[in-house]
There are 2 protein chains.
Amino acid sequence: MENAKTKVREILDTVKAAGRDSLTAPEGKLVCDAYGIAVPQEGVVGSAEEASTLAASMGFPVVMKIVSPDILHKTEAGGVVVGVKSEEEAVEAYEKILANARNYKPEAHIVGVQVQQMLKGEQEVIIGAVTDGSFGKLVAFGLGGVLVEVLKDITFRLAPATKADALSMLDGIQAAEMLRGVRGSEPVDRDALANMIVRVSELVSDFPEIAEMDLNPVFATKNSAVAADVRIVVDFEAKEPRYRPSEEEVLASMNRIMQPQSVAVIGASSEDGKIGNSVMKNLINGGYKGNIYPIHPKAEEILGYKAYKSVKDVPGEIDTAVFAIPAKFVAAALTECGEKKIPGAVLIPSGFAETGQHALQEELVSIGRKYNIRMMGPNIYGFYYTPANLCATFCTAYDVKGSAALSSQSGGIGMAIIGFSRSAKMGVSAIVGLGNKSDIDEDDLLLFFEQDPNTKVIAQHCEDLKDGRAFAEVARRVSRKKPVIVLKAGRTSAGAKAASSHTGALAGNDKIYEDVFKQAGVIRARSLRDLLDFARGVPVLPTPKGENVVIITGAGGSGVLLSDACVDNNLKLMPMPEDLDKAFRKFIPPFGAAGNPVDITGGEPPSTYKNTVLLGLEDERIHALILGYWHTIITPPMTFARIIVEARDEMRAKGIEKPIVASLAGDVQVEEAAQYLYEHGIPAYAYSTEIPVAVLGAKYQWARGAGLLE
Amino acid sequence: MENAKTKVREILDTVKAAGRDSLTAPEGKLVCDAYGIAVPQEGVVGSAEEASTLAASMGFPVVMKIVSPDILHKTEAGGVVVGVKSEEEAVEAYEKILANARNYKPEAHIVGVQVQQMLKGEQEVIIGAVTDGSFGKLVAFGLGGVLVEVLKDITFRLAPATKADALSMLDGIQAAEMLRGVRGSEPVDRDALANMIVRVSELVSDFPEIAEMDLNPVFATKNSAVAADVRIVVDFEAKEPRYRPSEEEVLASMNRIMQPQSVAVIGASSEDGKIGNSVMKNLINGGYKGNIYPIHPKAEEILGYKAYKSVKDVPGEIDTAVFAIPAKFVAAALTECGEKKIPGAVLIPSGFAETGQHALQEELVSIGRKYNIRMMGPNIYGFYYTPANLCATFCTAYDVKGSAALSSQSGGIGMAIIGFSRSAKMGVSAIVGLGNKSDIDEDDLLLFFEQDPNTKVIAQHCEDLKDGRAFAEVARRVSRKKPVIVLKAGRTSAGAKAASSHTGALAGNDKIYEDVFKQAGVIRARSLRDLLDFARGVPVLPTPKGENVVIITGAGGSGVLLSDACVDNNLKLMPMPEDLDKAFRKFIPPFGAAGNPVDITGGEPPSTYKNTVLLGLEDERIHALILGYWHTIITPPMTFARIIVEARDEMRAKGIEKPIVASLAGDVQVEEAAQYLYEHGIPAYAYSTEIPVAVLGAKYQWARGAGLLE
């Protein structure tokens, strides 16, 4: 491999020395050779006669192409002739190409004409690599052809990609079936394609100066993959890597910031309605047990706490400084925090990058870097960490403790999180505002919540990721331990436009986010409600042990909609084994429907629900249950809810735990029943067949990504 | 046209006389000629010499194909040679084709070899027709090629299709861009393609015995469309058309059933818990003012009403008979209803087709047909018609009057409708159970609700449509007057499987439903919640006059998510004109974001919301508003809600009405504010950016389909 690197380094040095920004075809071929990327037989000739001789030696047909550092778009220049079938045609083609090239760009330096073995494949594909501002090097795969371009059927992974990543790309395009052989055509060599993807991803990772690479087309047959054309674009300007402390450093700071022994409130106030007053009240009324130091230029005491003129006057250590002063005073106060060696600043004030004041924000970043202060914000509502009874925010105090850690880039979305949490009684461990993300961002939070014993699920709203690669690398590890759910706003071009007018963030290509999230095991929420419902429901559910889902329903109509929802959420309805079918039939009326869904029919007493649910929990072949309840007089909603919890508890006592979700169709009393079920560990929804199944789907997606179902 | 029909009739008669089920290529060509469907120049030859002469006269290249009534799959038989380039090649091809054909099927009758002009086109497409059990004749369009097959990128319309339908098909495939010319290729002749689609649709409509038709490929160029290959499959067995009374007859019956002067309850009971008791109580307690006649074999009186042994004993007319007796007694009682000339029977009892008792259900259908009784059910909860205070059901009495008419095929879904309606205070005009749909189905309800002044929106849940064509024809007209929203369950193959185990209904191909709904102007709900939210919100909103949507938001983060939702729901964010941008800027802080969304920023007082909303309502270029509220102390939720309603009322007083929807991000108080807004005609949702926009999107989809935006 070192040998390969040396060869590529030499070629790139030549290109750099020549001041070029792309490689010639022969150079591209040499790079491919070095990295084991198969290319066709070829050679460069300087005369029509040589062309004819070389072509004959390879065997016809051949392709002939102009070689010139000055002509990048060869086809456009008339510099390509395909399907050259004989020696005479080779002579003609040579002359035509040269004439066209001279016509296209008279001053172009012409190296010669490349003669290349012409390939045929079952399938033409494209393998390439790009450099993204947030994610860095990405490898791409798609089918060849205009139609695929129109349909934008292409998939990305972070480079370097593993062989498993590469194989997942072959299944990751809409037209994946084409690779498996359609209408009698042979399937392609998946191994060869995956290896080529891996090698391209290694090449661009080894040489950051390779900005873009295209193997287009690659001819894939049942036993080979050969890149017919290679295009490599380079950029020798070194990018400054983003500042990123080590994980140990991040954790050391984050642990102090999120669970402080002492908090200073810079701009604390006794005056109602001031932000510095709300923050003080929330700290006090929220029940925070650590030291609270109000900082104020004149006051002696604020809300019963001794006040100081500066953090530097505070006798003991301070872990977290919450800022509630106007933007123009922040830099000076932040410097004092640095001198006091405070590890974290919560920058509530707005008036920075989001209002065009980029210089003001940059100043904070420099001060933070200088003194090693980690900064949350600016332009945020602050944060809550409920295990420490800490409400470091100007919003209302929040008190429903639980295991979901949420964050939002936007304050409005943060307020929606707070309202929903309270209304739905979703317990949270933390709610964090990230705002302008001048420093602390989603990956820092992931690192903290990864090791936080109070957090079981992490749900984040973001509009961009400043460092998508860092996020993906951390998320990939964290998501194997705890579900990571992300609502990426600015999915669509209209949304992305709104996002940039809002935060000045460059919106990433959404398909890249989509694929990288998948690669990192991140569950992507499609809407705000999904983010909230997943954060609420996923930690409540036990982890399934396998893919077999069974629907038990009192309403046949719900069964159909629940089945639709299973398909939409990638859940697998277990084909019902004959013996189990018989066992279910013992409990249900003769006209109840067999199979899956198990349709117990509408007029049944509580015992039918209970018996079938017990059977579903007990049988080892079933891994998860979806219940469809139909409100009747014989089994009222709360009766249903109680017997389902009973059945679950009976089985739990025997050591059996499986995820159960429920859809409740009925009059308003089903709302109380749904709440009861939720509080007892069974995500349940009134008037909806789709949301409970989506919650179960999110749990499954996580379990699959974390390798818990294999 | 009559001439064309005569020609096709003659050909089909020949095929029928010969006992064949498909047409030969020359027959297909003649059919196409008659209907003005362009096909290539061609002729059939009986010798190699003739082949060579004819081919030379057309110009090379040509395609040559075996002509034999016994060989349907010509390629498989080796009976096709493409790209014949010279007279010698034509001779060779003729001999090869004959030899292959004899080898493939020695007993085949060989008519000769067809020589056909070989076409090249910018784009190969497929135009075809199929016969569907529910929808009848459908015309289909897609691109040619295996990839398109893999992606299932094909679109359907009811035949006959109008020119507008046909043009919409060209835009109705995912790969539509291909037809407009990609990467320098010429756009195809849309007019020629649309005409060909129309003609195929007319042909199959004129001749029901044409079961399937394939023009594959059709070569489309910038100025022509020529069908290179024609395949026509026929089926001469006449299908019995579905029984369908005239619209006048349907309406006459439905008006009496839904708004009866007198109701009989067959199986009325004094005993609590009996269905016949619940129905009686609901009629009485629901406030129904007409006559109520309990029918009971022995009782003199039930719940204070004089009882009769049979409907025949009742002195006056009866409009609606509600059945609450076991299945086995239904047929006899129904016959009595017939003799009494009762126009409608509400068949609550179960135990018919849904439990495999098909004969029992067929018996009811015969009796109904004989006496001209329209039947709802069997296997239903009954129905509500609130303008008449009529609760002809065993469920709880329902009392929130309003303008949404809902129906469900499933009882469970019906209960969910009732619960949601009550909980969300969604006013309804009717809730109807359709169950097994032995007779009355969705199109009957559409006809009634079309002319019902109490109904402004129609929302239906169904698992199948017994007569999709009748539904589509009625819906196409009704949807131009009132929004028609349909939740089609069994969308996915798993859902469809559950649907058939539940109702014995054959699940239709979902793509056909999708396309036909679109053609008929039906709004398709993707989930139960969507059905309910659309039914609740769409009638509340005034109809927009144009496509320009503007977002006004206090939370930038909501603005981004609302923009995403606009794209998802096919809403167009108006590019903000410079003068209007300036006008908005007058009201918002200097760092508020320009353009659309209008980001007024979070810390603003109520006046900023009010002023910007007033401006948005007043400016004629804006047609609809989406509001994003962010809970702050300075503008609390109810303050926001009240000033928005005020602003709306001020403008309404000036004769200005535009749809407004709102997304509320905040603490739990936003729930009350959302309810207040909804009750005042502004669909508003807490903790959701996507639902309010989806509701507006549904309104727009309807307005577009009804031609109100042009």
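Is A:Arg524 buried or exposed, and what is its relative accessible area? In this predicted model, A:Arg524 is buried, with a relative accessible area of 8%. Its side chain meets that of A:Glu514 in a salt bridge, with an N to O distance of 2.6 Å. The pair links distant parts of the chain, ten residues apart: A:Glu514 lies in helix 16 (residues 510-519) of chain A, while A:Arg524 belongs to strand 24 (residues 523-525) of chain A. A:Glu514 likewise counts as buried, at 16% relative accessibility. Because the threshold for burial is under 20% relative accessible area, the values of 16% for A:Glu514 and 8% for A:Arg524 place both partners in the buried class.

A salt bridge also joins A:Asp171 and A:Arg180, whose side chains meet at 2.7 Å, N to O. Here A:Asp171 is partly exposed, at 42% relative accessibility, and A:Arg180 is partly exposed as well, with a relative accessible area of 46%.

In chain B, a salt bridge connects B:Arg621 to B:Asp619, and the closest N and O atoms are 2.9 Å apart. The two partners fall into separate accessibility classes: B:Arg621 counts as partly exposed at 31% relative accessibility, whereas B:Asp619 counts as buried at 14%.

Salt bridges also occur as a network, in which A:Glu247, A:Glu450, A:Arg477 and A:Lys481 are linked. Over all chains, the count comes to 82 salt bridges.

Methods: Residues numbered from 1 in each chain as written. Chains lettered and ligands numbered in written order. Predicted model: local features only at pLDDT ≥ 70, side-chain atom pairs only at ≥ 80, totals over all residues. Heavy atoms only, no water. Salt bridge = Lys/Arg side-chain N within 4 Å of Asp/Glu carboxyl O. Buried < 20%, exposed > 50% of the residue type's maximum accessible area, 1.4 Å probe, protein only. Helix = DSSP H or I, 4+ residues; strand = E, 2+ residues; numbered from the N terminus.
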